[in-house]
Amino acid sequence: MKILVVEDDKGISDFIIPELEHEGYETRLAVTGREALEKFDEEQPDLVLLDIMLPELNGLEVLRRLRAKSTVPVILETARGESIDKTNGLNLGADDYISKPFEIDELLARINALFRRIDFSSHKEEALTLRELQLNLDRMSCTVAAQEIILSKTEFMLLKLFMENQGKVLSRSKIIDGIWGEGHFIDENTVDVYVGYLRTKFSDKTKDEFIKTVRGTGYMMV
């Protein structure tokens with residue numbers, strides 16, 4: 001697995017990269033936002049570790065441009081207490097975030113968890129289907145009424161969670177645990193935002209409603 005580390009602080013990159021390589025990951029380094037986009041196209045990494053505070057283009061703008069063309073997993077590095085940046089990053093499609101300063105064991109745990117989430121090789125089924133909605137797990141693609149819908153990584157994981165639990169009411173906290181992992185302090189409103197994204201994308205293709213709001217509880221795929 002190849003990881004693109006986007007970090008302009010040499011002290012931090014010199015700390016992170018040897019540890020990642022010791023764990024068997026191949027690494028590439030970018031020190032500006034523009035270089036990050038160039039290295040991404042050249043190297044096609046399997047994961048991006050992205051600092052928010054970068055010269056030339058900040059991390060949120062880099063993330064926005066990455067999400068316009070890729071669903072590769074992205075972990076944001078944020079300064080401790082910058083809740084607005086965390087929320088903006090998640091809304092733009094980041095898969096996780098880690099606050100500086102952090103222990104290398106925490107970073108490795110988050111990276112390994114993300115790679116486990118996208119490893120679909122153990123699935124017996126290649127696709128999940130509900131009426132005219134189909135989710136292909138191997139190609140990570142989605143079609144509604146035979147029309148393709150482009151999903152971000154988080155949207156894909158959310159839809160997969162719903163389809164695997166069709167007919168079951170999922171609370172917002174249950175959804176957060178299923179998408180971001182237990183122990184993550186994600187605002188429950190973030191779930192509402194991503195459900196809204198899915199509904200909008202569905203409504204562009206079909207009149208069929210797939211996600212029902214269960215007032216006071218959460219959501220259910222019907």
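Arg 131 lies in the loop between strand 6 (127–130) and strand 7 (133–136); helices (H or I, at least four residues) and strands (E, at least two) are DSSP runs, numbered from the N terminus. This is a predicted model, in which local features need pLDDT of at least 70 and side-chain atom pairs count only at pLDDT 80 or more, while totals for chains, interfaces and linings use all residues. Residues are numbered from 1 along each chain as its sequence is written, and side-chain values use heavy atoms, with hydrogens and water left out.

With a relative accessibility of 45%, Arg 131 counts as partly exposed (buried means under 20% relative accessible area, exposed over 50%, and partly exposed in between, with a 1.4 Å probe and protein chains only). Apart from neighbours within four places in sequence, Arg 131 is in contact with Asp 208, Glu 209, Phe 210 and Val 222, where contact means heavy atoms within 4.5 Å.

Arg 131 and Ala 145 are 14 residues apart in sequence, and their C-alpha atoms are 8.8 Å apart in space. Ala 145 belongs to the loop between strand 8 (141–144) and strand 9 (147–149). Ala 145 is partly exposed, at 29% relative accessible area.

Helix 2 (residues 33–43) has Gly 33, Ala 36, Leu 37, Lys 39 and Phe 40 as buried residues. They lie on the same side of helix 2 because they cover an arc of only 165° around the axis; the arc is that of the directions from the helix axis to the C-beta atoms. The buried residues of helix 2 pack against strand 1 (2–6), strand 2 (26–30), strand 3 (47–51) and helix 3 (59–67).

The axes of helix 2 and helix 3 are 9 Å apart and form an angle of about 25°. Axes are lines fitted to C-alpha atoms, for helices over the stretch in contact, and angles run from 0 to 180 degrees between N-to-C directions. Helix 2 and helix 3 are therefore roughly parallel to each other (angles under 35 degrees count as roughly parallel, over 145 as roughly antiparallel, 65 to 115 as roughly perpendicular and the rest as oblique). In this pair, Gly 33, Arg 34, Ala 36, Leu 37 and Phe 40 of helix 2 meet Val 62, Arg 65 and Leu 66 of helix 3. The residues of this contact comprise 5 nonpolar, 1 polar and 2 charged. Ala, Val, Leu, Ile, Met, Phe, Trp, Tyr, Cys and Pro count as nonpolar, Asp, Glu, Lys and Arg as charged, and the others, Gly among them, as polar.

Glu 61 is also found in helix 3 and is partly exposed, at 21% relative accessible area.

## Helices 6 and 7

Helix 6 (residues 153–164) and helix 7 (residues 172–180) have axes that come within 10 Å and cross at roughly 120°. Thr 154, Met 157, Leu 158, Leu 161 and Phe 162 in helix 6 meet Ile 175, Gly 178, Ile 179 and Trp 180 in helix 7. The residues of this contact divide into 7 nonpolar, 2 polar and no charged.

## Backbone features

Most residues other than glycine have a negative phi, and most peptide bonds are trans. Ala 145, which is not a glycine, has a positive phi of about 50°. Glu 56, also not a glycine, has a positive phi of about 75°. Glu 56 is in the loop between strand 3 and helix 3 and is exposed, at 55% relative accessible area.

The peptide bond from Lys 100 to Pro 101 is cis, with omega near -10°. Pro 101 is located in the loop between strand 5 (96–100) and helix 5 (104–117).
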